[in-house]
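Q: Hi, I have just opened this one and I am new to it. Could you walk me through it step by step?

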Amino acid sequence: MTVYLFMILGVFAVLSALMVVFAKNPVHSILYLVLTFFAIAGEYILLNAQFLAIVNIIVYAGAIMVLFLFVVMLLNLNEETEPHKSTLKKLIAVVAAGLLMVVLVGSLKGADNMSIQPFSHNTGLIENLGTVLFHDFLLPFEVSAILFLAAMVGAVMLGKKDIK
Amino acid sequence: MMQFAALIPFFPLAGFIILGLLNKKLPKSAAGILACTTLLISFIISLAVFMSISGQSQEIQLAPWIDMGGFSASFTFLLDPLSSIFLMIITGVGFLIHVYSVGYMHDDEKHNIFFAYLNLFVFFMLVLVMASSYLLMFVGWEGVGLCSYLLIGFWFKNKSYNDAAKKAFIMNRIGDLGFLLGIILLFITFGSSDYHTIFPKAQGLMSGNTMITAITLLLFVGAMGKSAQIPLYTWLPDAMAGPTPVSALIHAATMVTAGIYMVARSGILYALSPVSMYVVALIGVVTAVFAATIALTQNDIKKVLAYSTVSQLGYMFLGLGVGAFSASVFHVMTHAFFKALLFLGAGSVIHGLSGEQDIRNMGGLRKKLPITFITFLLATLAISGIPPFSGFFSKDEILIHAFASNKLFWALGMIGSMMTAFYMFRLLFLVFFGTYRGDDKIHAHESPAVMTIPLIILAILSTIGGFVGVPESLGGTSQINKFLDPVFQSATKILPAEGASSISEMTLMSITIAVVLGSILLAWYFYISRKKVPLAEEAKLSPIHNLLYRKYYVDEIYNALITKPLDKISDFLDSIVESKFIDGIVNATGKVTEGVSGLMKFVQTGNVDFYLLAMVISVACIIFFKLM
Amino acid sequence: MTTHLTTIPLDWYILLSSILFSTGVMGVLFRRNAIIIFMSIELMLNAVNLLLVAFSAYHNDAAGQVFVFFTMAVAAAEIAVGLAILIVVYRNTKSTDIDVLNRLKG
């Protein structure tokens, strides 16, 4: 049963991703990306990473995609205004991406030769994650706060209109 | 007392530093007094040293200098009879010339700098004679060459004076190369350049040793440059471009005698090498005659004296070459007296005539410049070798030793003496006797006391200075020979013994006096009785006269043989090697860099998608190669 | 739950993640609109997150999921700044076409 779930969610994710790339209307691209995120969240649940699944939906689909939508609306990109690349370039793009995929698969294959550790139900649950985060990864946590500060300041500064 | 001796060079050095640093701020009178005082103090200390020298040499070590590997040298001074005589000459005559310069350079704007340079020169000369190793002597040697350059080109706004200064320096350098090679060979042979190491070791060597011959010949090349012997003498007449006190101090009394000092100091090395002695004597006597022939025809008062100096230096080398070391040193001393006097007297004449130097425009000055005339007359009598003046004793001793060793040299020396007397009296008669041939607007006047008193003192020394060297054959005790004997003992032991007896000496002296008197009478005949006056510049001269007047065209020959080819070579190197080759390499490096960057710039298209594609392909490649 | 992990071999997750990643790469190279390119980058980041979580579950190590945490944080910050830059570029050039941005041509 799980295998089937995995397959369905996987196909769903790949198809949505492809539509993101090939959709003509930018707004449609954004919507397909949201769909992809949902599919991936489903995969997370399959892996017992419950907290991350929810966070994925809230942060990515809820916040980041909304931001994208705001920008697209602001720039008024509803219609298809963008000229296409030449066919040669598109071909090269596909070939390059394909190459990358092949190489990646080749390099990561055989990783399951490592033994599977005894399964613990708690991995992926929020208490466990919280403990690990605030014990072992406290410094990166704090530093990421500074990162957010910088990003905020940067975004505000860049967005300001020049006072002529 | 001996400890104070080490201070002798440092008073003039202090004078140089003070005058050099404060030269714009000091008034002229203060500068002059300071310069003369430093010399006076050095002279007093030198006098004290001279009185207390006992015949043994004494070394004063100042400071270590180099000490690495097997090579070490230190700053050490040596005091022995030879160096103490030279100290007296340098500081004594130097002091008189400084006093004279106070008057001579009084109106010059660079007055203070002049005294600074003079003091520096005296410092280096003192280092030269007080050094106890060849290396330290070389320091002084180079230093006096430098000061000579500074002082000859003192009035540097005139290009020909600059050229003369450069010529002096460059010719000196050629000699210095030989000197330096000699020092290097000394190091190789003896392991050190100190006198107290070399000379005892040298005593054990065989006569005729080839290494010693090479060393002495190379050292003599240095002496040829510094003491203006053939072929490196042409700088000295041109050096008359400098102020007259410079000519008196440097080119008559002190610097040019550095070569004599060096050969005398290396007496034992030369005694071990008969070939070198012969070469020294030969070049000395040939130079003596050669320069005397040129001096017969010159019309510039200072040029006559310059060629006379070259000639007298030739006599000194002749003396060294035949083994009469102390006679040569004696002649150095008397020559310092009368040649400095001659130059200072010439300066007095030039000063009195407001700059006139051509003897064709002089004449009858003995009434207008009486003191100058009398002192000049005494000096002329001394240089001609008339007894009882000093020049007679010293020159005759050289000639007697020359007769004992090589009759031909003696004969040439006699011819030189004859010519010396002739041209010196020619000079005297043309300048001071007869009627005045110059510009009537110039009012000839005697020089002030500050200039005439040194003249008088030098005249007294020229007259009585010979009495320290009266030979036994005339009843004297030859004090100077006894004084210098400890220094030259080891050298004279090696030389073959001479056999001239007293009677032969008296005969030789009589011949000399007769010949000289004959020359003087001949000069009297030409220039007083027949009132002959040298021809003007444009006049056509007989071929021999022309050859002598144009100094045998030696300068022109050097120009064509040496200077022009060197110029051509340097032009070639500049235009071909420098511009094309070396610059080409540098430019090619630049062009290669440009070319490579021209190719590399195609990577930076500015297209974002090109960059993205490049990134993706690079990542794929990296992972791929990691897999391999 | 142990059993289901053994029925889905890790290789399949690797394959899925690689496909999503390459799709993202293709999106970056394929489109000229800057916004679409940003979204493709998001896609790539998600693919990586998926792989990290898979490994974390299979090796029972919570560090993988914490890492995903931070990746998401960084992605969010990056998007914010990136879109701000895009807006500034749009103001100056009135277009979101990345081919316009070729001033660094050397």
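This is a predicted model: local features need pLDDT of at least 70, side-chain atom pairs count only at pLDDT 80 or more; totals for chains, interfaces and linings use all residues.

Q: Okay, chain A then. How many helices and strands are there in it?
A: Chain A has six helices and zero strands, and reading along its sequence gives the pattern α-α-α-α-α-α.

Q: And how much of chain A is buried?
A: Of the 164 residues in chain A, 29% are buried.

Q: Switching topic: which residues have the most contacts inside the largest nonpolar core?
A: Those are B:F121 and B:A340, in a core that has 203 residues. If we leave aside neighbours within four places in sequence, B:F121 is in contact with B:V144, B:C147, B:L151 and B:I250.

Q: What about a second core, which residues does that include?
A: There is a second, separate core of 77 residues, and among its members are A:A13, A:A39 and A:A155, together with C:L50 from chain C.

Q: Now the chains. How many residues of chain C are in contact with chain A?
A: On the chain C side there are 65 residues, and they are in contact with 71 residues of chain A. The element of chain C that gives the most to this side is α4(C), with 21 residues. Sorted by class, the chain C side has 46 nonpolar, 14 polar and five charged residues.

Q: And how many residues of chain A are in contact with chain B?
A: Here eight residues of chain A are in contact with eight residues of chain B, and the chain A side consists of six nonpolar and two polar residues, with no charged ones.

Q: Last topic, helices α3 and α4 of chain B: at what angle do they cross?
A: Helix α3 (residues 28-52) and helix α4 (residues 81-104) of chain B cross at roughly 160 degrees, and their axes come within 9 Å.

Q: Why does that make them roughly antiparallel?
A: Angles over 145 degrees count as roughly antiparallel, so with that crossing α3(B) is roughly antiparallel to α4(B). The crossing of α3(B) past α4(B) is left-handed.

Q: Which residues meet there?
A: From α3(B) they include B:G32, B:L39 and B:F50, and from α4(B) they include B:S84, B:F95 and B:V102. By class, the residues of this contact are 13 nonpolar and eight polar, with no charged ones.

Key. Residues are numbered from 1 along each chain as its sequence is written. Chains are lettered from A and ligands numbered from 1 in the order in which they are written. Helices (H or I, at least four residues) and strands (E, at least two) are DSSP runs, numbered from the N terminus. A residue is buried if 20 or more other C-beta atoms lie within 10 Å of its own, exposed if 12 or fewer, and partly exposed in between; C-beta atoms are placed from the backbone. A nonpolar core is a set of buried Ala, Val, Leu, Ile, Met, Phe, Trp, Tyr and Cys residues joined through C-beta atoms within 7 Å. Two residues are in contact if their C-beta atoms, placed from the backbone, lie within 7 Å. Ala, Val, Leu, Ile, Met, Phe, Trp, Tyr, Cys and Pro count as nonpolar, Asp, Glu, Lys and Arg as charged, and the others, Gly among them, as polar. Axes are lines fitted to C-alpha atoms, for helices over the stretch in contact, and angles run from 0 to 180 degrees between N-to-C directions. Angles under 35 degrees count as roughly parallel, over 145 as roughly antiparallel, 65 to 115 as roughly perpendicular and the rest as oblique. A crossing is left-handed if the near helix is turned anticlockwise from the far one by less than a right angle, and right-handed if clockwise.
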